[in-house]
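Please examine the sequence and the three-dimensional model displayed here.

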Amino acid sequence: MTIALETKGLVKRFGGLVATDNVSFKLEQGARHALIGPNGAGKTTFINLLTGVIKPTAGQIFLEGQEITGLRPELRVQRGLARTFQINQLFPAMTPLETIGLAVSERTGGGHDWWRVTGSKREIIDEIVEIAQRFRLTDVLDERTSNLAYGKQRLLEIAVAFACKPRVLLLDEPAAGVPEAERHELLATVAALPRDVSVLLIEHDMDLVFSFADRISVMVNGALFTEGTVEQVSTDPKVRAVYLGESVDE
Amino acid sequence: MSTNIADHVRATLVRRGRWGIGEILFWLIAAATLYFLPERHLILNEIVIIGLFALSLDLILGYAGIVSLGHAAFFGLGAYTAGILARDGIADPLLGLGAAAIAAALLGFVTSFLVLRGSDLTKLMVTLGVALVLGEIANQASWLTGGADGLQGIAMGPILGLFEFDIFGTTAYGYSLTVTFLLFILARRIVVSPYGLSLRSIRDNPLKARAVGIPVNRRLVAVYTLAAAYAGIAGALLAQTTQFVSLDVLAFHRSADVMLVLVIGGVGYLYGGLIGAIVFKVLQDVISAWTPQYWQFWIGLILVIIVLAGRERLTERVRVLWKGVAGRTAKSPETLPKTSAREV
């Protein structure tokens, strides 16, 4: 199987703190891979390294075989690496329609276009509609984003990342904070993501992890602790120990 | 079902590019003043120039979220460029306008790299600093600029070889209004384009804008350069139509006034600068006629009220009041388009 995303010996130090400790990780093409670990394990730092928000102290990152370690965040997005944020990062004053339209026109190279009115191209309209339907946002397209229900905001967060047409999609706790009533819709759309997009899911919610992922990596103290199939990891006594907060002898 | 949505999506997006009745009225009225208010052309000319200057600030502040306390740097550079060219025998106004735009754009481009780093406070200080530096250079280089005495001996040729400037300011006003209108059309296109949308997204959330693949810095450099060119043209218009340039064009109060004008009229809404300029000048006129020594007190007080009460709330209150007065028969009283700042 080909590798969609790979890190080799990735290290990030903040002063004396080692937030990412020599992580060598592979995400296979089309994978549904979950990254779990207790709070403060360094999962979000790892995501920030992958997306280029912060620079690694050492190590390399490859996207579909090409090194992207030194690439600026927006260029990584253009190469097909998109993410969602654990805490909603949206444009509060814009509507979902504008937000998705923005992402689509950026991806299709329209962002430099300063003369045509946004939405004057047929392909862009079609794609906005397709994404809005996929993420069940058609009935709230014209609302101000800040007025949307939280579950809808989470859906929009994923929709925007999806509008970048990623080859690899990093989902940082997509279900965090979503009320029970809106959860089902969110999980269904996540499960229905097309298989040609490789997904790395960072999540605390074990129900979501077990229902969605086919591989799981466990991160503890910035290092990869173990990796395996859902069965292997869920029955691993060491993983249970980590999650129950007991010390593990290594 | 999905074609319905597609039509809706297209209509919603494209609608922003269309001109509202209020907008068309606004410019018709502006054009009409060329014929109906001949004795006011000198002050109208000044209003239009301040309006264009404020429009330029709105491009960076309202649409891209870049704060500036030194926008006069570009205004002043444009004024001096056009003024010096005209003094030294290049009397064609449009040529001067172009040169001023290029000079200001160059300065904008170069300083954008300083301005775009750091927090809002850094931006305020850096922009302020650039304007101060330019002001001092203009003061010291009196062989070029006339220093504190001002730049004298500007003689403008006719516009396009056809329209001579007159002492009533009619040609001047027509000229400034036309230039401002053309630049307004351009700005209006820009803010509804995908590029304009990306600017708004950067203003709202730069982190997310990057995550969508937007090259944030490049977009900001572009708009800062463009706004600088606009400000330079506004300055050039002032130099050409008043045929005089003094150090005042680079002064701090110019940068502060233009911010004031924009706040009065509304930020992030292209008409804000123009309306603000009208209100500002009229207020200045009325108040200083009534109490010449204390007009700044009243302007200051009005500013405080506007900022504290929130312009949107004030206009909303006026709208509600008007609806109450006009009853249900009158439709849409405002001559301004209803689209709020965030939508245009």
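The model is predicted: local features need pLDDT of at least 70, side-chain atom pairs count only at pLDDT 80 or more, and totals for chains, interfaces and linings use all residues. Residues are numbered from 1 along each chain as its sequence is written, while chains are lettered from A and ligands numbered from 1 in the order in which they are written.

**Sheet of chain A**

In chain A, 6 strands form an open sheet of mixed pairing, in the order β6-β7-β8-β3-β9-β10. Strands (E, at least two residues) and helices (H or I, at least four residues) are DSSP runs, numbered from the N terminus, and two strands pair if DSSP finds at least two bridges between them. Because β6 (81–83) and β10 (223–229) of chain A stand at the edges with a single partner strand each, one side of each is left without a neighbour in the sheet. From one strand to the next, the twist averages 20°.

Helix α1 (residues 43–51) of chain A packs on this sheet, touching β3 (32–36), β6, β7, β8 and β9 (215–220) of chain A. Contact requires C-beta atoms, placed from the backbone, to lie within 7 Å. The direction of α1 makes about 150° with that of β7(A); axes are lines fitted to C-alpha atoms, for helices over the stretch in contact, and angles run from 0 to 180 degrees between N-to-C directions.

Strand β7 (residues 168–172) of chain A runs parallel to β8 (residues 198–202) of chain A, to which 5 bridges join it. There, D172(A) stands opposite I202(A) and L169(A) opposite V199(A). A further 3 bridges join β6(A) to β7(A), again in parallel, with R83(A) opposite L170(A).

Since 5 of the 5 residues of β7(A) are buried, the strand is largely enclosed by the rest of the structure. A residue is buried if 20 or more other C-beta atoms, placed from the backbone, lie within 10 Å of its own. V168(A), L170(A) and D172(A) cover one side, and L169(A) and L171(A) the other.

Of the 21 residues of α3(B), 19 are buried. Buried residues in α4(A) include I124(A), I128(A) and I131(A). Just after α4(A), R136(A) takes a positive phi of about 55°.

Conventions:
A residue is buried if 20 or more other C-beta atoms lie within 10 Å of its own, exposed if 12 or fewer, and partly exposed in between; C-beta atoms are placed from the backbone. Two residues are in contact if their C-beta atoms, placed from the backbone, lie within 7 Å.
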